[in-house]
Amino acid sequence: MLSVKCLYRAVHTYKMIPMDNLIHHPMETSLSPTANRETPRDRMVQALSQAIHEHHLAPGTKLGEDELSDVFSVSRTVVRSALQSLAHENLVELKRNRGAFVARPTIREAREVFEARALLEPRTARSAAERMTPEGLAILEAHIEAEHKALAAGEAGKALRLSGQFHIEISRLADQTIIANFIEQLIARSSLVIALYWQRQSALCDKHAHHALMEAFRAADGKEAEALMTSHLVDIVSALDLRERPHGDTNLKDILSRIGGTG
Ligand SMILES: [Zn+2]
Ligand SMILES: [Zn+2]
C-alpha cells in the first residue's frame with residue numbers, strides 16, 4: 001500500500017501523466033526534471049496554457065490558426081490538435097466557423113466554479129492534513145517559496161499560477177485521484193475567472209492564507225485545515241467583482257513573442 005502511494009506521489013510530482021488526460025501544467029518547467037521529452041504540440045499546449053494562466057492572453061482573445069502556426073513553427077494540424085486539447089480543459093473555446101478563443105467564463109460560471117471548489121476543497125484539505133508527511137510538507141513549502149519569489153520579482157501572473165498549483169498539490173496529497181483531477185480543472189477555470197473578475201490590487205499571497213494552512217498541515221490538524229480552506233475560498237470570492245465589463249482586443253503574435261512562448 002505504501003509503495004503504491006509513493007508511486008502515485010512520484011507520478012504526480014514529476015508529471016508523467018498522459019497529455020490527453022490532464023492539462024500540462026507550466027509548473028513542470030520549473031520544478032520537474034522530466035520536462036524535455038515533449039513534442040512540438042506538447043510545447044505549444046504548455047506555452048498557451050501558461051500564457052493563459054499568467055494572464056498574458058486575456059479571456060476572449062482570438063487564437064488564429066495561421067498566427068499560431070507561424071509563431072510556433074508547426075503545421076495547422078498540430079495547431080488544431082493543441083487547441084482541441086486546450087478546449088478539453090476548458091481553457092479555450094472552439095466556435096463553429098469562427099475559430100478558437102481563450103475561454104471567457106460568464107459570471108454564472110464564475111460563481112459555479114467557486115461553489116464547486118467550496119464543496120470539494122475543504123474536505124481534501126482535511127484529508128491532506130490527516131495524512132500529511134514530511135515529503136508532502138516539503139512539496140507545499142516549495143510552492144509557497146516559489147510564489148514569494150515570483151511576487152518579489154513582480155511576476156504577478158506567475159505567482160497566481162503557483163498559488164493555484166498549491167491547491168492542486170493539496171488535493172494530490174489527500175490521495176483522492178478523481179477529486180484531484182476535478183480540482184485541477186476547477187483551478188484552471190479559476191485562473192480565467194480571476195483574470196476577468198479579480199478586483200483586489202494585491203492579489204495572491206494576500207493575507208497569507210496559505211501560511212495558516214501550512215500550520216494546520218504541520219500539526220496534522222484536519223479540522224483546522226478544513227475550516228481554513230473554507231474561509232480562504234470565501235475570501236477569494238469576496239475579491240471578485242462579478243459585474244460585466246468590456247475587454248480590449250489584443251495582438252496574439254505580439255503577446256506570444258513578448259513572453260517567449262515559441263519554445
Ligand atoms: Zn489559495
Ligand atoms: Zn506568503
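Start with the sheet: 3 strands form an open sheet in the order β1-β3-β2, with antiparallel pairing. Strands here are DSSP runs of E with at least two residues, helices are runs of H or I with at least four, and both are numbered from the N terminus. Two strands pair if DSSP finds at least two bridges between them. This is a predicted model, in which local features need pLDDT of at least 70, side-chain atom pairs count only at pLDDT 80 or more, and totals for chains, interfaces and linings use all residues. Residues are numbered from 1 along each chain as its sequence is written.

Select β1 (62-63) and β2 (92-95): each stands at an edge with a single partner strand, so one side of each has no neighbour in the sheet. L94 stands opposite A100 in β3.

Next, show helices α3 (residues 40-53) and α5 (residues 76-88), whose axes (lines fitted to C-alpha atoms over the stretch in contact) come within 9 Å and cross at roughly 50°. The contact (C-beta atoms, placed from the backbone, within 7 Å) is made by P40, R41, M44, V45, L48 and S49 of α3 and V78, S81, A82, S85 and L86 of α5.

Finally, pick M44 in helix α3. Is M44 buried or exposed? M44 counts as buried because 27 C-beta neighbours lie inside 10 Å; the cut-offs are 20 or more for buried, 12 or fewer for exposed, and partly exposed in between. M44 touches F72, V74, V78 and A82, not counting residues up to four places away in sequence.

How values were computed:
Chains are lettered from A and ligands numbered from 1 in the order in which they are written. Axes are lines fitted to C-alpha atoms, for helices over the stretch in contact, and angles run from 0 to 180 degrees between N-to-C directions. Two residues are in contact if their C-beta atoms, placed from the backbone, lie within 7 Å.
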